[in-house]
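Please keep the sequence and the model in view while reading.

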Amino acid sequence: MNVLNFIESFFTNSAHWRGYDGIPQRVWEHIQYSVAALSIAAAVGLPIGLVTGHTGRGGNALAFVSAAARALPTFGLLVLMFVWLGLGVLPVMVPLVVLAIPPILITTYEAVRTVDPSPVDAARGMGMSEGKILLQVEVPAALQLILSGLRSAAIQIVSTATIAAYVSLGGVGRYIVDGLYQRNYEKVVGGATLTAVLALLVLVVFWAVGRGAVSPGVRRRRAA
Amino acid sequence: MIAIEEVSKRYADGTVAVDCLSLQIPNHSITVLVGPSGCGKTTTLRMINRMIEPSSGTIRVDGEDIQHKPVNALRRSMGYVIQNAGLFQHRTILDNIATVPRLLGWSKQRARDRAAELMERVGLDPVMARRYPYQLSGGQQQRVGVARALAADPPILLMDEPFSAVDPVVRRGLQEELLRIQGELGKAIVFVTHDMDEAITVGDRIAVMRTGGKLAQFAAPDELLSSPADQFVEEFLGGDRGIRGLSFLSTRDLELDRSRVFPVGTDRKQLAQSTGPQPHVLITDADGKPLGWADPSVWDGDVEALTPYGQSFEVGRDSLRIALDRAVLSPTGHAVAVDGAGRVLGTAGQERVGAAIRAARQRRAAESPDDPSEDSAQVKAVR
């Protein structure tokens, strides 16, 4: 049997579409973990990235923290959290959030820091407050890049959230973990395929958000 | 009126950007700060809207110390134009111009109406309102920058090398536009440039600054050209300040030669008699407009065979610099003088222009040098 046969038989088996271990349920769990982890990471990473990017200070500290966070093995962190905190969603959230913060933080910082200084100078000279300069001048100009940082973080979260299954939680990782244990490779391939589809979905969502939120005046400029 | 009183700017590393500068910047006029890079001209400008805080000294606007005003309110009361326009790429042209009115709490509709009005004032096509900055040329972007600075009708306009990034032809157009707008609005404009020609073109008063942030001379352009304070100013003015100074002398009192102008169809013998030893006569059409030069001893009356006269100058509107230029370029050494309708008033050879220059200099010397005469302002407005 090749991979395509595995995929076909996994998705055509009607038993896989029903119940607590059915595809809709597992996908929904996966999306919930991912959205929660991305929201927390964004809530931490965006404000710090925006403020450090605006003031231009703290860049070195950010780079250090991010490199350190990237060096942490996600799986090891999961096991450690599980040992510390026991069963539950929290031991999964910690490694996912730690994984997602560096791309958000560094990209946001760089995006704001590298905004053309002359509109910022003009805005300040016109009497705009620093907060307004950040939100009305720098963020709109940097938005495309900021979104790309969120997008990389989201893709990493979606593909890594499969580890939740190792600590008895759901998500499409369930199929991979159970399939490996049961030597049911159809299930493993099915779970992997679902993960890939979810990652593609992330791309589509971010593309749509970018179309809607980024001003045509800026979009065109980045492309040029 | 902006009063800069003994203002200095020293940085922590010991660099002195501005050194005890005192300057009175009057209302309804363009004051230019000019000098080589590192002379502190931009620092001076940025201290007026507190983008840079002075180390010592006081700056007053209409008598009030600017330190006593909230910084953002102060900046909103002054238009600010910078080198590359600094437009907000994510906003349409209309919304860029509406920025300060919006900051001041105007409704969106009122701010946009005002922005549309300003687009017209700075000569921008209304179809550009919905466009984004990247869709405009450099010159058009700079017009938007000027419109944005004028949007809330501030009494003061600060311009930091506003036209330095555009090509010379566009720059010329923007300078003329600025003078036209200033003629209508009469703001107190502080204009920073490193280009002496630009300073002379737009400035009512010019402050020449030298490296180290010291004021070298503060004078009207014609006074600067005719009597530079020291060698530094003289060198900064360039090698042809004598010629450039002629821009401020009117052709109004130039004595014209009417003896060599003849309408087309004049009899050849009459031409030869009345011109005597002079080799060339100017032939005009029936309306008195110039056609070209003719040598009466050989010309057969054919209009096609006339020597082109090149460009003419308009008496009263053009300066003696233009008249001299036309005379130098003329194939006969004589410039063609016309009135506002393009009819020939006479001709002026290089000697006549020279005589007019000497006469104007003597008149100028007799007048008070501190009083910039209306005469020079009038000439400046066109050239």
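In which helix of chain A is A:Ile101 found? A:Ile101 belongs to helix α5 (residues 90-113) of chain A; helices (H or I, at least four residues) and strands (E, at least two) are DSSP runs, numbered from the N terminus. The structure is a predicted model, in which local features need pLDDT of at least 70 and side-chain atom pairs count only at pLDDT 80 or more, while totals for chains, interfaces and linings use all residues. Residues are numbered from 1 along each chain as its sequence is written, and chains are lettered from A and ligands numbered from 1 in the order in which they are written.

**Confidence**

- The model has an ipTM of 0.85 and a pTM of 0.82.
- For chain B the mean pLDDT (the predictor's confidence in each residue, from 0 to 100) is 89, and 95% of its residues reach 70 or more.
- Over residues 371-383 of chain B, pLDDT stays under 50. For this stretch the model has 17 contacts beyond four places in sequence; two residues are in contact if their C-beta atoms, placed from the backbone, lie within 7 Å.

**Surroundings of A:Ile101**

- A:Ile101 counts as buried because it has 24 C-beta neighbours inside 10 Å. A residue is buried if 20 or more other C-beta atoms lie within 10 Å of its own, exposed if 12 or fewer, and partly exposed in between, with C-beta atoms placed from the backbone.
- Apart from its neighbours within four places in sequence, A:Ile101 is in contact with A:Ala41, A:Val44, A:Gly45 and A:Ala69.
- From C-alpha to C-alpha, A:Ile101 and A:Gly149 are 9.5 Å apart in space, although 48 residues apart in sequence.

**Residues with positive phi**

- Most residues other than glycine have a negative phi.
- A:Arg183, which is not a glycine, has a positive phi of about 55°. A:Arg183 is placed in the loop between α8 (173-182) and α9 (185-213) of chain A, and counts as exposed because it has 8 C-beta neighbours inside 10 Å.
- B:Glu161 also has a positive phi, near 45°. Its place is in the loop between β7 (156-160) and α7 (168-185) of chain B, and with 19 other C-beta atoms within 10 Å B:Glu161 is partly exposed.

**A sheet in chain B**

- Three strands of chain B form an open sheet with mixed pairing, in the order β11-β12-β13; two strands pair if DSSP finds at least two bridges between them.
- The edge strands, each pairing on one side only, are β11 (261-263) and β13 (290-294) of chain B.
- Strand β12 (residues 281-284) of chain B runs antiparallel to β13(B) and is joined to it by 4 bridges. B:Leu282 has B:Trp293 in β13(B) as its bridge partner.

**Domains of chain B**

- The domain assignment of chain B gives domain 1 (2-239) and domain 2 (240-383); such bounds come from an automatic or database domain assignment.
- The C-alpha centres of these domains of chain B lie 38 Å apart.
- In chain B, 11 residues of domain 1 are in contact with 9 residues of domain 2. Helix α9 (residues 221-226) of chain B supplies the largest share of the domain 1 side, 5 residues.

**Contact between the chains**

- Chain A contributes 19 residues to the contact and chain B 21 residues.
- On the side of chain A that touches chain B, α6 (117-125), α7 (130-160) and α10 (216-223) of chain A each supply at least two residues. The largest share of that side, 6 residues, comes from α6(A).
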